[in-house]
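Subject: The structure, and some notes on it

Hi there,

Here is the structure I promised to send over. Have a look at it first, and then read on for my notes.

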Amino acid sequence: MEQQSKIALITGGSRGLGKNMALALAEKGTDVIITYRSRKDEAFEVVSAIEANGRKAAAMQLDTSVVAGFKTFGNEVSALINEKWSRSQFDYLINNAGIDNRSLINDTTEDAFDSLMNVHFKGVYFLTQQLLPMIADNGGIVNLSTGLTRFTTPGYAAYASMKGAIETFTKYLAKEAGSRGIRANVVAPGIVKTDFTKAAREAFPDLEKIMSGNTALGRIGEPEDIGGVVAFLCSDDARWVNAQRIEASGGYSL
Ligand SMILES: NC(=O)c1ccc[n+]([C@@H]2O[C@H](COP(=O)([O-])OP(=O)(O)OC[C@H]3O[C@@H](n4cnc5c(N)ncnc54)[C@H](OP(=O)(O)O)[C@@H]3O)[C@@H](O)[C@H]2O)c1
C-alpha cells in the first residue's frame with residue numbers, strides 16, 4: 001500500500017523564509033499548504049514550483065493577526081485537506097508569518113505595539129489553539145522566533161519580547177500536546193536577507209558588514225539557511241527533539 005504523504009501548513013509561505021520552508025519540505029517529500037496575507041500571485045508561484053516537482057501543494061488567504069477569522073479558516077483547511085488529500089488532519093503546523101516594525105522603546109506607539117502583538121503572539125497562540133485538533137497524533141509544530149531573544153539590537157524591544165513569549169508558549173505547547181505525540185519546537189534565525197530586513201538594511205548600509213563581522217561563519221543568512229532546519233524538525237529524524245529553541249544564525253555574537 002502506498003504510504004500516506006505528510007502535510008505541512010506554513011503561515012506566510014508566499015516569500016522569504018516561509019517560501020524556502022515550503023520548498024525544503026516538499027524537497028523532502030512532504031506536501032504543503034501555504035498561507036499568504038496579500039501576495040496571492042507569489043503564493044501560487046510557490047505552489048506551482050512545488051507541483052512541478054511532483055508534490056501536492058495549495059495556497060490559502062489568511063491574516064494571522066485577526067483571530068476572528070480563524071474558525072472560518074479552520075473550516076476551509078478541513079474542506080481542503082478532505083478534498084485534496086482525503087484526510088481530516090494534517091501533520092505539521094509552522095507559525096512563520098510576521099512583520100518587522102522597528103522602534104526604540106521611547107518611540108513605540110500603542111498601535112505599533114498592538115500590530116506586532118497581534119501577528120507575533122496573539123495570532124500564533126489562537127491559530128494554534130484553533131488548528132491543534134486538526135494536527136494528527138505524532139505530528140509537530142514549529143514556531144518562528146528570533147536571535148534577538150538572546151542578544152539585543154536597539155529598536156526591537158517589542159518584537160523580541162513577543163518572540164520571547166512564543167518561546168515560552170512553545171514549551172507549554174510541547175507539554176500539553178505531548179500526550180498525543182505532538183512535538184513543539186522553536187527556530188530562531190539571526191538576520192536573513194528577506195523583505196523583512198530590507199528596510200533596516202537600506203537604512204543602515206553598514207549593517208550587513210557589521211553583522212557579518214560578528215558572526216562566526218562570517219556572513220548574514222540567506223533564506224536557504226533556514227528552510228532545511230524546519231524540514232528537519234518536521235521529519236521523523238527529529239522525533240526525539242521536543243521543546244527546543246534551535247538558533248540558526250551562523251554563530252552570531254558568541
Ligand atoms: N528575516 C529575518 O532576518 C528574520 C530573523 C528572525 C526571525 N524572522 C522571523 O521569520 C518569519 C518570516 O520572516 P521573513 O523574513 O520570511 O518575512 P517576509 O519576507 O517579510 O515574509 C513575511 C511573510 O509573512 C506573511 N505575513 C505578514 N503579515 C501577515 C499577516 N498579518 N497575516 C498573514 N500573513 C502575513 C507575508 O504574506 P504576504 O507575502 O502575502 O504579504 C509573507 O508571506 C517572521 O516570523 C520573522 O519574525 C525573520
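This is a predicted model: local features need pLDDT of at least 70, side-chain atom pairs count only at pLDDT 80 or more; totals for chains, interfaces and linings use all residues.

**The whole protein**

The protein has eight helices and seven strands. Its radius of gyration is 18 Å, close to the 18 Å that the globule rule gives for 254 residues, so the protein is as compact as a globular protein of that length. If you draw a box around the C-alpha atoms along the principal axes, the box is roughly 55 × 35 × 35 Å. Of the 254 residues, 46% count as buried. The accessible surface comes to about 12800 Å², and carbon and sulfur atoms account for 50% of that. As for the contacts between residues at least 6 apart in sequence, 74% of them join residues at least 24 apart.

**Helix α4**

Do take a look at α4, which runs over residues 110–131 and has 22 residues. From its first C-alpha to its last α4 reaches 29 Å, close to the 32 Å expected at 1.5 Å a residue. There is a bend of about 45 degrees in α4 at Asn118. Several residues of α4 are buried, among them Leu116, Val119, His120, Gly123 and Leu127. What lies over the buried residues of α4? The cover includes the strands β1 (7–10), β4 (90–95) and β5 (135–144), together with the helices α3 (70–85) and α5 (157–177).

**Thr11**

Leu127 comes up again here, as one of the residues in contact with Thr11. You will find Thr11 in the loop between β1 and α1 (16–27). Is Thr11 buried or exposed? With a relative accessible area of 2%, Thr11 falls under the 20% cut-off and is therefore buried. A polar atom of the Thr11 side chain lies 2.9 Å from the backbone nitrogen of Asn96, and the side chain also reaches the backbone nitrogen of Ala97 at 3.0 Å. Beyond its neighbours within four places in sequence, the contacts of Thr11 also include Thr35, Thr64, Ile94 and Asn95.

Asn138 is not a glycine, yet has a positive phi of about 70 degrees. Asn138 sits in strand β5 and is exposed, with a relative accessible area of 58%. Ala243, also not a glycine, has a positive phi of about 60 degrees. Ala243 belongs to the loop between α8 (224–233) and β7 (245–248), and is partly exposed at 30% relative accessible area.

Happy to go through any of this with you.

Best wishes

Terms used: Residues are numbered from 1 along each chain as its sequence is written. Side-chain values use heavy atoms; hydrogens and water are left out. Helices (H or I, at least four residues) and strands (E, at least two) are DSSP runs, numbered from the N terminus. The expected span of a helix is 1.5 Å times one less than its number of residues. The bend at a residue is the angle between axes fitted to the seven residues ending there and the seven starting there. Buried means under 20% relative accessible area, exposed over 50%, partly exposed in between (1.4 Å probe, protein chains only). Contact means heavy atoms within 4.5 Å. The radius of gyration is taken over C-alpha atoms; the globule rule is 2.2 Å times the number of residues to the power 0.38. Accessible areas come from the Shrake-Rupley method with a 1.4 Å probe; for residues, only the protein chains shown count as cover. A polar contact is a pair of N or O atoms within 3.5 Å; within protein, one must be able to donate a hydrogen and the other to accept it, and residues adjacent in sequence count only if both atoms are side-chain atoms.
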